[in-house]
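Here's a quick look at the ligand site and a few backbone details. Have the viewer open as you read.

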Amino acid sequence: MKDVDSIAALSLKEKIIQKKIVLAVIGLGYVGLPLALENAKSGFLVLGIDKDSDKVAQVNLGNSYIRDVRDSDLLQVVSRGRLSATTSFGVLERADVVIICVPTPLTATREPDLSYVTNAALEIAKRLHRGQLITLESTTYPGTTEQVVQPILEKTGLKVGRDLFLAFSPERVDPGNIKYTTKNTSKIVGGVTPACLDLACTFYSQTLQVVPVSSPAVAEITKLFENTYRAVNIALVNELMFLCDRMGIDVWEVVDAAGTKPFGIQTFYPGPGVGGHCIPIDPFYLSWKAKEYSYNTKFIEMAGEINAEATQHVFKKVYRVLNNRKKSINGSRILVIGVAYKKDIDDVRESPALRIIAMLLDEQADVVYHDPYVPSITLANSVSLKSIVLSEDEIKKADCMLILTDHSCLDYNWLTEHAAVIIDARNATKDVKTGREKIVKI
Ligand SMILES: NC(=O)c1ccc[n+]([C@@H]2O[C@H](COP(=O)([O-])OP(=O)(O)OC[C@H]3O[C@@H](n4cnc5c(N)ncnc54)[C@H](O)[C@@H]3O)[C@@H](O)[C@H]2O)c1
């Protein structure tokens, strides 16, 4: 006779394979919406839950607010009844599998803020029932699944591995990347017990290639390592940029030349600092946790400092360029091109552009910006700006153009033709043929 554990697990496994489960996705943001869509496309019935009623209304109309999700794809699954959204957690009572994709920011004192995760876990616990699989996808420090989420769920009296199943599977999506999407990026999965791992792998392997690991903590730290690797390598190339700038060497040429080596190097590019919900935040989840083990993660701290210095470096460049032209920042009109934290996306979270604009405004510059994907921005001091429409006049009116994001759709030949001087923090003007004497690289 089968024990309780295997009966609950077997019946859920069977339902997953037969695509008869109801999947709930909590948090329909950059991660949750593409995930909900892919699962709905693969044949699961998906219920999206978000506390933002605007997002919920948009999803139910088939309107995407995430650039990587096409309206037509969303509309198709919504009109077929495969995906619907709600602000009500009551639908969790019907869910067989629940995925948590809520934010994991830092607090004002730069400590992990798990309040969104714990709130979601508390809502799940209120409706928890036997045979459910819960997976956490929000990026977090090692130990969160077993030390934070599991106790909340087990307070109900149900036991993980016997009555319900719990796993961590980090989301690795790279917004704006057309080659690697949610669909074709493999998924790390770590379960609390072997049954949890088996069920989570069964579920994820319906849509993706799965990489099982031995525990949720391994999966949690793997994700943090991936993003720390990026933060550290970006810092390294930013440091090279500081040095090349002093030596009068073009750092972009150096990086491109080094990138021709077919092994032993991966190309990272310098820039005005790091942004987004991952690189400036995730490494600090790891350094915070490391302190509990009396360990100081030196690379992480140093990378954070160097990447912050890159933002200052760009600001100082504006000062130097204007000074060379016998102008001050005070009163100069500065046209910023691109405010998203990287090219071809509309996300300004933690974007260095916002910090640079705030610094320029503090020094009384007359700042305007254009970003084809970001109609307006609000700075930390609550000042709001709207993206201006680009015209020859607007470009000529500026004392200095500052390219902070290299969106592919912009015509850099045209921008260069009419600009007085350009500070290019992204090498966006690399292919511009005429007017190169006006371009200053960072
Ligand atoms: N954006 C990325 O590129 C990316 C990539 C990989 C991993 N991640 C990680 O995924 C997680 C989610 O990030 P995101 O970029 O999708 O965030 P997001 O802010 O775009 O989306 C999160 C959504 O969760 C909703 N929400 C917050 N608390 C909620 C609650 N208690 N109940 C229901 N909904 C709630 C918010 O309204 C929002 O719509 C984070 O841990 C992040 O680090 C993000």
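A polar side-chain atom of Arg-349 sits 3.0 Å from a ligand oxygen. Thr-104 also brings in a polar side-chain atom, 2.5 Å from an oxygen of the ligand, while Val-31 uses a polar backbone atom, 2.9 Å from a ligand oxygen. On its own the ligand exposes 830 Å², and the protein buries 93% of that (Shrake-Rupley areas, 1.4 Å probe).

One caveat on where this comes from: it's a predicted model, with local features needing pLDDT of at least 70 and side-chain atom pairs pLDDT 80 or more, whereas totals for chains, interfaces and linings use all residues. Numbering runs from 1 along each chain as its sequence is written, and side-chain values use heavy atoms, leaving out hydrogens and water.

## The shell around the ligand

There are 26 residues around the ligand (a heavy atom within 4 Å), and Val-31, Asp-50, Lys-55, Thr-104 and Thr-139 come nearest. The shell splits into 13 nonpolar, 6 polar and 7 charged residues, with Gly counted as polar.

Where does the ligand lie relative to domain 1 and domain 2? Domain 1 (4-214) and domain 2 (251-441) both contribute shell residues, so the ligand lies between them; the bounds come from an automatic or database domain assignment.

## Helix H3 and its ends

Asp-52 caps the N-terminal end of helix H3 (residues 53-61), placing a side-chain oxygen 2.9 Å from the backbone nitrogen of Asp-54. Helices here are DSSP runs of H or I with at least four residues, and strands are E runs of at least two. Just after H3, Gly-62 takes a positive phi of about 80°.

## Two loops with positive phi

Most residues other than glycine have a negative phi. Asp-344, not a glycine, has a positive phi of about 65°, and it lies in the loop between strand E9 (333-337) and helix H12 (352-362). Gln-364, also not a glycine, has a positive phi of about 70°; its loop runs between H12 and strand E10 (366-370).

Methods:
Polar contact = N/O pair within 3.5 Å; in protein donor to acceptor, adjacent residues only side chain to side chain.
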